[in-house]
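Here is a short briefing on charged side chains. Look at the salt bridges and the surface charge.

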Amino acid sequence: MANDYYSTLGVARDASGDEIKKAYRKLARELHPDVNPDPAVQEKFKEVTAAYEVLSDPEKRQMFDMGGDPMNQNGGFGGGGFDFGDFMGAFFGGGGQRGPRPRIRRGQDSLIRIEIDLQDAVEGVDREITVDTAVTCNTCEGAGTAAGTEPTTCQMCRGRGETQSVQKSFLGQVMTTRPCTACQGYGTVITNPCHECGSDGRVRTRRTISFKVPAGVETGTRIQLTGQGEVGLGGGPAGDLYVEIIERSHPLFHRRGNNLVCTVSIPMTAAALGCTIPLETFEGEIQIEIESGTQSGHVIKRRGEGVPHLRGHGRGDLLIQVEVTTPKKLDAKQEALLRELAKMRNEENPTGVAEPDDAGLFSRLRDAFGGR
C-alpha cells in the first residue's frame, strides 16, 4: 500500500470519526502554511489533508480498508481501478442487487390440493381447510427484535449490506462485491432478537380458512385465495394460497367437459313399445321418455342440464345413453310367444345387416357430444 492514512494521522485502524477529526485538527494547526511556510512542512500538510479526506468519508475509508486508494488515480477504484460488479452489470444486465436488502419481504405462495364430489363441482360448495403456515409474530409485530430494542448498524459493512475485495488481474485491479457475511446483506444486525420468533418476525401456527368452491370447477382448476399464503420475513405481506381441485369419480354420472353422461338399461320390450323411466339427478328425479323403437346405443340429450360454465353463462347438457337388454333365460311360454312374434315379422331366419361405423354407436355418441 503506497499510503497509510492511519499512520499519517497517527490513529488506530478502528478509530472513530471523532478521533480522526480530532487528530486532523491537531496536525493541521501545527502544519498549516500560515504557521510554518517550510515547503517540506507544506507537503506534509497535503498528506494529512488527503488522509483526512479519505478516512472521514465512510465509502472512501471502506475502499482504503479493502486495499484500494481513492486518492491514487492509477490504483484507486474511482480512477484506473476496475469494478467487477459494474463489469458484470454491463454485460449481463444489472450485476445483482446493490446496497442492503430489506428485512421485510413478501411471503411465498402456497399450494394445497383437495378432493370434491362431482355433485359439489356441479353445484358449488363452501369448504374449510386447515393449514400450517407462517403468521406475523404478535410479540414483536414482525420487527424481530426484543421489546424496546432496534437493529444496529453492521460494523463490518457499515450498513451497506455488502463487502468488497480487490484483486489484481489482467484488467487491472478488480473489485468484487458480495453480501456481507456478518449481517447477511441486511446492513443491520439484530443483537436482541425476539424470544418468540428468534428475529424472523413470524411464527408458524395452524389456522382454518373458509372459501367458496364455485360451480363448474374440474380436476386441475386452481382457486386463488389472495393473501392467505405464507407471511413474509419481517412481518411482510402474505403470499397467496392456491387450492387445486381433484374431482372424485361418481357411480352413475361421468363428465365430458361441461356435459354429464350416464347410461340407462331398459328391456327390449320397453324399447320396442316405448316407456317413461325415472332418473335421479343431482337436482332431483326427472322422467325420461323412451320412444317406441328405441335402439341400443341411442343418446337422449337434455339441453342445459349439465355442468355450469365456470367462467361464463349457461350449462352443458345431460346425455343419456340407452342400452337395450336381451333376456338370457326364457321359460317355455315366453319362448313360444317370441317365436310366434318372429314368425309374424318374418324374422325366423335373420341374416343380419352390416352397417358402416358412421351409423353405429360411435357416431351417435359423437353427434350427441356436438361433434367433439
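Buried means under 20% relative accessible area, exposed over 50%, and partly exposed in between (1.4 Å probe, protein chains only). This is a predicted model: local features need pLDDT of at least 70, side-chain atom pairs count only at pLDDT 80 or more, and totals for chains, interfaces and linings use all residues. Residues are numbered from 1 along each chain as its sequence is written, and side-chain values use heavy atoms, without hydrogens and water.

**Positive patch**
- Lys21, Lys22, Arg25, Lys26 and Arg29 form a positive surface patch (residues with over 30% relative accessible area and no salt bridge, like charges joined within 9 Å).
- Lysine 21 sits in helix α2 (residues 17-31).
- Lysine 21 counts as partly exposed because its relative accessibility is 34%.

**Salt bridges across the chain**
- The count is 17 salt bridges (a side-chain nitrogen of Lys or Arg within 4 Å of a carboxyl oxygen of Asp or Glu).
- Glutamate 59 and arginine 160 form one, at 3.6 Å, N to O.
- This pair links distant parts of the chain, 101 residues apart.
- Glutamate 59 is exposed at 52%; arginine 160 is partly exposed at 23%.
- Glu59, Arg160 and Glu162 are linked in a salt-bridge network.
- Aspartate 240 pairs with arginine 106, with the closest N and O atoms 3.7 Å apart.
- Aspartate 240 is buried at 9%, whereas arginine 106 is partly exposed at 48%.

**Salt bridge within a helix**
- Glutamate 335 and arginine 339 form a salt bridge, with the closest N and O atoms 3.1 Å apart.
- Both lie in helix α8 (residues 332-344), four residues apart, about one turn of the helix.
- Arginine 339 is exposed at 56%.

Definitions and conventions: Patches are made of residues with over 30% relative accessible area and no salt bridge: like charges are joined within 9 Å, nonpolar side chains (Val, Leu, Ile, Met, Phe, Trp, Tyr) within 5 Å. Accessible areas come from the Shrake-Rupley method with a 1.4 Å probe; for residues, only the protein chains shown count as cover. Lys and Arg count as positive and Asp and Glu as negative; His and the chain ends are not counted. The place of a charge is taken as NZ of Lys, CZ of Arg, CG of Asp or CD of Glu. Helices (H or I, at least four residues) and strands (E, at least two) are DSSP runs, numbered from the N terminus.
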